[in-house]
Structure formats: C-alpha cells, structure tokens
Number of protein chains: 2
Amino acid sequence: MYNLFFQHFNSKVQLTEDEQAHIKAYLTLKKIRKKQYLLQEGDVCKMIAFVEKGALRAYSVDENSNEHIIQFGLEGWTISDLFSFLTGEPATYNIDALEDSELVIISKSAHEELLQTMPKYETFTRLNITGAYLAMQRRLTSIISASVEERYQDFIALYPHIAQRVPQHMIASYMGLTPETLSRIRKRISSK
Amino acid sequence: MYNLFFQHFNSKVQLTEDEQAHIKAYLTLKKIRKKQYLLQEGDVCKMIAFVEKGALRAYSVDENSNEHIIQFGLEGWTISDLFSFLTGEPATYNIDALEDSELVIISKSAHEELLQTMPKYETFTRLNITGAYLAMQRRLTSIISASVEERYQDFIALYPHIAQRVPQHMIASYMGLTPETLSRIRKRISSK
DNA sequence: AAAAAGCATTGATCTAAATCAATGCTTTCA
DNA sequence: TGAAAGCATTGATTTAGATCAATGCTTTTT
C-alpha cells in the first residue's frame, strides 16, 4: 500500500524499519475515483497527496472558464496547492482525478509534527521541494525561450508516460495552447 | 556587511550570536561591478549568492542570441544556477550585475557542510527554496492563464522596486515579450 | 565637449496562434 | 444498444504579438 511512497522516501533519505513504521503512523490512505475532486478552489488545502497509483491534475479556471493545467500528478509524484497548504489561504487551484487513484495523504498536522521531530523527514521535504523547483524552472525556461515545437518535443521526451495516458487537449492546456494549435503542431512535426 | 543576510536568516530561523558567528565563518563577501559576470553559461556554478546590495539578473541566450531573463536578484534575494550547483552540470544560465553589487557567497562545500552539521541551516534552506518555489509557481500560473496586461500589472504590483530600477526592455524579456510590445501594452494601460 | 551607446517609442508589415465552426471517430452511460 | 459526451482533426477568419525600421532622448565613454 505505501510501497511507492517509501521507495521514494528511501531513495532520497534511507530509513530503518522502525523509522518507517513511525512515519507510517502519520499517514493515511485515500482512494479517489475518476473525476472526483481532491481539492476545490476556495477551500483551504489541508493535505499533501503522494500518488501511489493513478493520475491527477491541478488546474485553475479563468474568467472565461478556460481551464489551465498547472501540474500533473502521476505515480510517484506529490500533488497539492502548496501555497494554500502553507499559508491557510483559500486554494486557487482545483485538483481532481484523471483516473481512479490511490493516494498517501499527509495532513498539515502530521507534516508539521514530522518536520519538528524527525530530521530525516525535513531532509526528505527539502529534497522534494528542490526537485519540484528545478522541474518547474525547466518548464518556465522553456516557455519563455523555446518555440512551441521544441517545447512539445521536450515535453514528450521528458514525460512520455504522461503523453500516453492523458488526453491531448490537457497537454495543450498544460502548455498554454488551444487543442487546435497543438493538433496542428503535431501535424507539422510528423510531416518532417 | 552581512547584515541583510542574517536579518533574512533570523526572520526564518532565529539564531544565537554564537550560531551566527559559526555560520559567518563559512561565508565570504564578494563585490561585483556593473556588467561583470558572476557566472557564465557552460561553467559549473560553484556558489549560491545572496544579494546584500545591488541588482543582478540570470538569463539564457537562445540560438538567435536573444536574451531571456529567468530571474532578477535584488537586495535580500538569492541568485544562482541551482541545477548546475546541485548536479555539477555546466550552467545553462548567465548571471551578471545590473549595478555594482555586494554579495554574500556560500560555496558548495560550505553549503554541504552546514547542511550536514547544522539543522537550523537546513531549515533555512528548506524555507528559502519553498519560497522560491511558490514565487515561481505564481509566475508560471500567470503566464499560462492571464493576459499580458494583467501579467504586467501583477508584476508592477508585486515588484515595484524592480520596475523602478531595471530598464523596461529587461522586464519585457522577463515576461517573454519584445520591448516594442511591452511599450505598447503600457500605452494601452495608461490610456484607460 | 563630442561621439557613441543604450533606451523607449511609434509606424508599417508579417506571422503564429486564437477563435469560430464543422466533421467523424471513440468511449461512456442510461 | 442507442444516445450522448468527449475527443482530435481540419478549414476559414481574426487577432495579438513579432519583426523591421526609423526617430529622439538620455546616459556613458573617450
């Protein structure tokens, strides 16, 4: 059940069996069905979710009710509205499930207590957020400096498993494009 | 000399005098003149720089030799090519000074030793990177979901001190626009 | 003090992506 | 199993921003 989570944890910070059991006591499991919300805009985000199985997305909705995907969360990734989680402000994102999914949930109080009491958990958290920062910086850099073609090809190269599992119009949304434009980009690439 | 650095540190994690002195021994000061490079693309980034005074920018240069500003670093901010610093890969960004500046430099070995030996330094690092992550997420969200006008106005509202000190064409570059376009956007806004 | 470099603005034109609209295919569900 | 919803593609048109080019102003350099 918590396999992937601890695999991921151990790959960053090695835990003993005891430590693992200790952490496990702070975690809960949650199953969520396709299309179900994990978080809705306006609510306060009360947990961090680690994806054991399945796929989710975080997205915002603008005034023209267009959806903009901020982040995908597949197996092995963490998904949350971190700003809301940390500040207690209302969430600006929605998070919902693209497939039936299984999540490892870390509540706010669990997170804080583990941070206070367990240096290894703090290290894990630091490494996690650092990785997320670097991934986002790569994305931002590519948005402001590369052509759409390059960006699409980089995306496919970097996240082939996402491209396979997620409808194309969501990838367009993630890239800040309309579905029509992405379709034409693909056509252009394939004819080269 | 290290005033702002420790002010910033204490605001996140409170230090005793002794701890402060201990950390100080790991830091060095560096003055850098306007237009001078702190880091050049292709070199390995060997330090994190905290800006005590002055202003810098991190930017990439694309195949058409257009510059794209990734980040500004004014007083109180940290600037680095974190990916290169952490992995030892060649840097993909240039960093140079927009004004004569004073930096607090943390070398790779200092950073690693402090992380290993001083829990408060790890906490400081974690909070710092978390803040940087949230700032970047806000920027990314605004890029993929807001109009250019809104984005410019958000920028001005959020970083008025940057807008005052930095030439307009660099703000255009930061926003992924040409200088001409930003000029027209401003005109459009002012005539409302 | 003169020359050069850097900068913001404006105009004219071009181009990439958005929008609007329609079609056919596939998956979902009632 | 039949209807509806979801999805990708293509075409026609519009639009926002890029590009090319020129001007005047300010700051820096010599």
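Biologist: How many residues does the contact take from chain A and from chain B?
Modeller: A caveat to begin with: this is a predicted model. Residues count here when heavy atoms come within 4.5 Å. On that basis, the contact takes 31 residues from chain A and, from chain B, 31 residues.

Biologist: Which element gives the most to the side of chain A that touches chain B?
Modeller: Eight residue pairs are in polar contact across the interface of chain A and chain B, both at pLDDT 80 or more. On the side of chain A, β5 (67-74), α3 (82-87) and α5 each supply at least two residues. With 17 residues, the most comes from α5(A).

Biologist: How much area do chain A and chain B bury between them?
Modeller: Carbon and sulfur atoms carry 70% of the buried area. The total for chain A and chain B is about 3,100 Å².

Biologist: Is Arg139(A) buried or exposed?
Modeller: Arg139(A) sits in helix α5 (residues 119-145) of chain A. Its relative accessibility is 11%. The cut-off for buried is under 20%, so Arg139(A) counts as buried.

Biologist: Which residues of chain B are in contact with Arg139(A), leaving aside neighbours within four places in sequence?
Modeller: In chain A, the contacts of Arg139(A) are Ile69(A), Ile70(A) and Tyr174(A). From chain B come Leu140(B) and Ile144(B).

Biologist: Which backbone oxygen does the side chain of Arg139(A) reach at 3.0 Å?
Modeller: A polar atom of the Arg139(A) side chain lies 3.3 Å from the backbone oxygen of Ile69(A). That leaves the other backbone oxygen, at 3.0 Å: Tyr174(A).

Biologist: How many residues are in the second, separate core?
Modeller: Start with the largest nonpolar core, of 88 residues. Phe9(A) is among those touching the most other members. The second, separate core includes Ile69(A), Ala135(A), Val166(A) and Leu182(A). Its count is 21 residues.

Biologist: How many disulfides does the structure hold over all chains?
Modeller: Cys45(A) is buried, at a relative accessible area of 1%. Cys45(B) is buried too, also at 1%. A disulfide needs cysteine sulfur atoms within 2.5 Å. Over all chains, the number of disulfides is zero.

How values were computed:
Residues are numbered from 1 along each chain as its sequence is written. Chains are lettered from A and ligands numbered from 1 in the order in which they are written. Side-chain values use heavy atoms; hydrogens and water are left out. Helices (H or I, at least four residues) and strands (E, at least two) are DSSP runs, numbered from the N terminus. Buried means under 20% relative accessible area, exposed over 50%, partly exposed in between (1.4 Å probe, protein chains only). A polar contact is a pair of N or O atoms within 3.5 Å; within protein, one must be able to donate a hydrogen and the other to accept it, and residues adjacent in sequence count only if both atoms are side-chain atoms. A nonpolar core is a set of buried Ala, Val, Leu, Ile, Met, Phe, Trp, Tyr and Cys residues joined through side-chain atoms within 4.5 Å. Buried area is the accessible area (1.4 Å probe) that two parts lose on being put together, summed over both.
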